Amino acid sequence: MRKPFIAGNWKMNKTVSEAVELVAKLKEIVKDERGEIVVIPPFTALFEVKKIISGSRIELGAQNLYWKEKGAFTGEISPLMLKDIGCKYVIVGHSERRQHFNETDEIVNLKIKAALENSLIPIFCIGEKLEQRDKGETLNVIERQFEGGLSGIDESKARKIVIAYEPVWAIGTGRTATPEQAQEVHSFIRTKLRKKYGNEIANCAIILYGGSVKPENAHSLIKQKDIDGVLVGGASLEAESFGKIIEEGWRAFREK
Ligand code: PGA
């Protein structure tokens with residue numbers, strides 16, 4: 001049985017004191033929630049946030065990693081370091097990394113493998129740009145990113161991966177995919193998982209939607225058959241809106 005999964009990607013926002021304030025409020029809000037709730041602060045706040053959430057229902061994730069365990073890679077953060085600090089998840093292949101930091105499918109693949117080898121669960125992001133959607137190329141792009149990112153990853157590893165479908169045109173734009181548009185891609189991804197890894201993995205896989213998720217649209221998105229939760233950017237920066245999204249996610253799941 002899949003469970004509702006709500007993750008907040010804070011991106012490059014929040015000083016340590018702001019992060020601590022936000023997560024302390026969240027901890028109060030999500031006391032009785034079931035499902036998986038994940039906060040993904042910037043690296044600088046991971047340590048302090050972890051201290052506050054330990055013993056609570058909230059899990060910790062990081063926004064990026066490098067694929068080597070240690071060495072002369074100035075400015076990079078290794079999977080070992082993330083594990084050590086208490087991360088359970090790490091985002092890999094976010095479109096902002098692909099766009100601004102030239103991350104290719106090959107790099108994404110190395111990062112997914114490095115995460116899995118260090119018992120971190122990758123939240124593997126894929127999604128098309130607006131011009132690709134307009135040209136009718138959405139599913140081709142998804143297929144290419146899916147195959148590239150998961151190349152050489154076998155069933156035993158694949159069962160741990162969370163996939164996030166994030167159409168680039170919906171990120172930070174206020175323009176969300178309709179539930180039908182999102183469901184179409186989610187169902188395509190689940191079918192790809194079925195072909196590559198079999199029924200069991202496809203049926204259990206968590207596939208998130210991301211891109212301008214708000215308290216107002218979370219319910220209709222998560223109600224879709226193949227949408228198991230959401231990866232939230234802007235609306236995860238306030239405890240109240242993120243708390244509402246968690247509530248809406250749980251309500252949608254009960255109604256499925
Ligand atoms: P947004 O970001 O909710 O601000 O659109 C989503 C994401 O990039 O994960």
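This is a predicted model: local features need pLDDT of at least 70, side-chain atom pairs count only at pLDDT 80 or more; totals for chains, interfaces and linings use all residues.
Residues are numbered from 1 along each chain as its sequence is written, and side-chain values use heavy atoms, with hydrogens and water left out. The names of helices and strands follow DSSP runs, numbered from the N terminus: helices are H or I runs of at least four residues, and strands are E runs of at least two.

Let us start at the ligand. The ligand has 14 residues around it, and Lys-11, His-94, Glu-166, Gly-172 and Ser-212 come nearest. Here, a residue is near a molecule or strand if one of its heavy atoms lies within 4 Å of it. By class, this shell holds five nonpolar, seven polar and two charged residues. In this scheme Ala, Val, Leu, Ile, Met, Phe, Trp, Tyr, Cys and Pro are nonpolar, Asp, Glu, Lys and Arg are charged, and the others, Gly among them, are polar.

Gly-172 uses its backbone instead: a polar backbone atom lies 2.6 Å from an oxygen atom of the ligand. The protein covers 95% of the 280 Å² of accessible area that the ligand has on its own. Such areas come from the Shrake-Rupley method with a 1.4 Å probe, and for residues only the protein chains shown count as cover.

Now back to Ser-212. Its phi is near 55°, a positive value in a residue other than glycine. Most residues other than glycine have a negative phi, and most peptide bonds are trans. Ser-212 counts as buried because its relative accessibility is 9%. Buried means under 20% relative accessible area, exposed over 50%, and partly exposed in between (1.4 Å probe, protein chains only).

Is Asn-102, another residue with a positive phi, buried or exposed? Asn-102 counts as exposed because its relative accessibility is 60%. Its phi is about 55° although it is not a glycine, and it lies in the loop between α4 (95–100) and α5 (105–117).

At 1.5 Å a residue, the 13 residues of α5 should span 18 Å, and the end C-alpha atoms are 18 Å apart, which agrees. The expected span is 1.5 Å times one less than the number of residues in the helix. The buried residues of α5 include Val-108, Lys-111, Ile-112 and Ala-115. An α-helix has 3.6 residues a turn, so residues three or four places apart point the same way. Among the elements that cover the buried residues of α5 are β4 (89–92), β5 and α7 (138–149). Just after α5, Ser-119 takes a positive phi of about 55°.

The side chain of Asn-64 makes a polar contact with the side chain of Lys-111 at 2.8 Å. A polar contact is a pair of N or O atoms within 3.5 Å; within protein, one must be able to donate a hydrogen and the other to accept it, and residues adjacent in sequence count only if both atoms are side-chain atoms. Asn-64 lies in the loop between β3 (58–62) and α3, and is buried, with a relative accessible area of 10%.

Another loop, between β5 (121–126) and α6 (130–134), holds Gly-127. Gly-127 is buried, with a relative accessible area of 8%. Not counting residues up to four places away in sequence, Gly-127 touches several residues, including Val-141, Tyr-165 and Glu-166; contact means heavy atoms within 4.5 Å. Gly-127 and Val-141 are 14 residues apart in sequence, and their C-alpha atoms are 7.3 Å apart in space.

We finish with helix α12 (residues 239–255). At 1.5 Å a residue, its 17 residues should span 24 Å, and its end C-alpha atoms are 25 Å apart, which agrees. Its buried residues include Phe-242, Ile-246, Trp-250 and Phe-253, and the elements covering its buried residues include β1 (5–9), α1 (16–29) and β2 (36–40).
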